[in-house]
Amino acid sequence: MKIVFATNNRHKLEEVRQILGTNIEVLSLKDIGCDADIPETGQTLEENALQKARYVNDHYHIGCFADDTGLEVDALNGAPGIYSARYASLVSPTAKAHDSEANMARLLGELGENNNRKARFRTVFALIEEGEGGHTPAERCFEGIVDGQITRQRSGAAGFGYDPIFQPDGYDRTFAELGAGIKNQISHRARATRKLADYLLSKKQQPNQTQ
Ligand code: IMP
């Protein structure tokens with residue numbers, strides 16, 4: 001079975017390929033010759049992930065999945081959420097998207113001395129399977145969550161994004177201190193990937209079963 005993961009992020013591709021094993025061939029956007037800047041204009045992670053998956057399915061007529069991730073902080077009413085990648089750039093014209101230092105600085109500033117530091121990373125994968133026999137392609141979402149706390153200062157050098165200020169529940173170190181070995185077992189993305197993998201692998205084992 002071949003399926004497209006609507007990303008060119010090498011780290012994400014490797015993680016997903018590792019969990020899916022050799023049974024399912026995961027193609028990147030580059031592999032299918034797609035270099036479009038796929039629009040992401042939804043108001044939720046689900047809408048954004050579906051938008052990306054639909055774009056690929058509409059243009060390339062192949063089964064596809066796409067992801068979107070956000071950091072949701074309780075005391076900030078769920079912000080930065082869908083704006084996680086460009087949180088700082090929303091208020092500072094000099095900050096670029098994916099500027100992790102600027103994003104963390106804004107988040108720590110917004111939280112200030114607030115003692116409620118509860119937060120979670122949430123990943124949504126949207127899967128579109130090619131419709132068989134002229135049927136409309138089926139759409140499904142898979143969610144992965146890791147709960148934790150926003151620390152008061154940055155710690156650790158591993159990982160990316162908000163990792164130096166996110167301490168997952170049950171641990172006394174940030175994702176950036178815990179490193180990939182632990183993070184990839186418990187992360188939002190790993191959890192969502194395993195749900196997607198379980199679904200795809202179960203379908204592969206029972207190809208004639210209607211879901
Ligand atoms: P994306 O949807 O995976 O591109 O994630 C959007 C933004 O969320 C990224 O630019 C990062 O700022 C943040 N983010 C996503 N996953 C992680 C993670 O595992 N650790 C830290 N930050 C993350």
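Modeller: Let's start with His98, which lies in the loop between β4 and α3 (100-111); helices (H or I, at least four residues) and strands (E, at least two) are DSSP runs, numbered from the N terminus. Before going on, a word on the basis: this is a predicted model, where local features need pLDDT of at least 70 and side-chain atom pairs count only at pLDDT 80 or more, while totals for chains, interfaces and linings use all residues. Residues are numbered from 1 along each chain as its sequence is written, and side-chain values use heavy atoms, with hydrogens and water left out.

Back to His98: phi is near 65 degrees there, a positive value in a residue other than glycine. His98 counts as exposed because its relative accessibility is 64% (buried is under 20% relative accessible area, exposed over 50%, partly exposed in between, with a 1.4 Å probe and protein chains only). An N or O atom in the His98 side chain is 3.0 Å from an oxygen atom of the ligand, and a polar contact here is a pair of N or O atoms within 3.5 Å; within protein, one must be able to donate a hydrogen and the other to accept it, and residues adjacent in sequence count only if both atoms are side-chain atoms.

On the nitrogen side, a ligand nitrogen is 3.1 Å from a polar backbone atom of Tyr162, and a ligand nitrogen is 2.6 Å from an N or O atom in the side chain of Asp163. The protein covers 91% of the 470 Å² of accessible area that the ligand has on its own (Shrake-Rupley method, 1.4 Å probe; for residues, only the protein chains shown count as cover).

Now the shell. Of the 14 residues around the ligand, Lys12, Thr69, Asp163, Lys183 and Arg189 come nearest, where near means that a heavy atom of the residue lies within 4 Å. By class, the shell has 4 nonpolar, 5 polar and 5 charged residues (Ala, Val, Leu, Ile, Met, Phe, Trp, Tyr, Cys and Pro are nonpolar, Asp, Glu, Lys and Arg charged, and the others, Gly among them, polar).

His61 is in the loop between α2 (45-60) and β3, and it is exposed because its relative accessible area is 56%. Finally, a cis peptide bond joins Ala79 and Pro80, with omega about 0 degrees, and Pro80 lies in strand β4 (residues 80-81).
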